[in-house]
Amino acid sequence: MKPLIYQYRMQWRELLQCVGIVPDNISSLVHAFGIRLKKQEIWHPAYEAFCRCGEPYVLTMENLKGITEVQPVGTCVYIVENEMVFSYLMEQVQGKNVSLLCTSGQPRYAALKLISLIVQSGIPIYYSGDLDPDGIGIADRLWQRFGNRIQFFGMSPEDYRNSLSKEVFGENGRKKLEHIWHPLLRETAELVRKTGKAGYQENIFKELSEKLVGCDQNQNL
């Protein structure tokens, strides 16, 4: 989906909700791990149980209705784009106080709603996505939406070199990389554009998991 069309879809959904019209609240979802959710004045018992058991759960917009506050089990929240990366990292941090989200590509409204709640709570957020034109574009749009409350890990030029694949993208991909505004992402995008090959998170599993263990908001990601 083109970024501009996606942006208009999100704005249209928000307008519908403002006038009391509820769009599809089921298909919009996000996967979470180690995130506590408060409904009104009570920490929701279902998600408390998932956190105690160290298990992931799925949130739809219907589940997020009435949620007033979120709290990670750790000191920050890590967000990844890819389900395979999410599953791998979750296994690596079992028994540790680490909080994860998975957007499954382009964040749907449920993911943006949950991220907004995290931002409102003042909790540090670190995002990592694929180092190809679409992945870098997703990361940059999140930064444009949430500003410096969104930081990045696993998306530097060095990470790109380590994650490099043999997959070549075309001229359309190169054009997408011309419109990246975050300084770090722009630097990486320029290298990706020159190389013409995609970088994928699956190729830097170990590096990503090392960044998660011992999560600290002051660590250099």
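Val-80 has Cys-102 of strand S7 as its bridge partner. Strand S6 (residues 77–80) and S7 run parallel and are joined over four bridges. Strands here are DSSP runs of E with at least two residues, and helices are runs of H or I with at least four, both numbered from the N terminus. The model is predicted, so that local features need pLDDT of at least 70 and side-chain atom pairs count only at pLDDT 80 or more, while totals for chains, interfaces and linings use all residues. Residues are numbered from 1 along each chain as its sequence is written, and side-chain values use heavy atoms, with hydrogens and water left out.

S6 and S7 belong to an open sheet of six strands in the order S4-S1-S7-S6-S8-S9, with mixed pairing (two strands pair if DSSP finds at least two bridges between them). Strand S4 (57–60) and S9 each have a single partner strand and stand at the edges, so one side of each lacks a neighbour in the sheet. From one strand to the next, the twist averages 30 degrees, with axes taken as lines fitted to C-alpha atoms, for helices over the stretch in contact, and angles running from 0 to 180 degrees between N-to-C directions.

Helix H6 (residues 133–146) spans 20 Å from its first C-alpha to its last over 14 residues, close to the expected 20 Å at 1.5 Å a residue; the expected span is 1.5 Å times one less than the number of residues. Ten of the 14 residues of H6 are buried, where buried means under 20% relative accessible area, exposed over 50% and partly exposed in between (1.4 Å probe, protein chains only). Among the buried residues of H6 are Ile-136, Ile-138, Leu-142, Trp-143 and Phe-146. The buried residues of H6 pack against H5, strand S8 (125–128), strand S9 (150–152), helix H8 (171–176) and helix H9 (183–195). Gly-147, which follows H6, has a positive phi near 70 degrees.

Most residues other than glycine have a negative phi. Gln-40, not a glycine, has a positive phi of about 60 degrees. Gln-40 lies in the loop between strand S2 (35–39) and strand S3 (42–43) and counts as exposed at 59% relative accessibility. Ser-104, also not a glycine, has a positive phi of about 55 degrees and is found in the loop between strand S7 (99–102) and helix H5 (109–120).

Ser-121 is located in the loop between H5 and S8 and is partly exposed, at 33% relative accessibility. Not counting residues up to four places away in sequence, Ser-121 touches Glu-69 and Val-70 (contact means heavy atoms within 4.5 Å). The C-alpha atoms of Ser-121 and Val-70 are separated by 7.0 Å, although the two are 51 residues apart along the chain.
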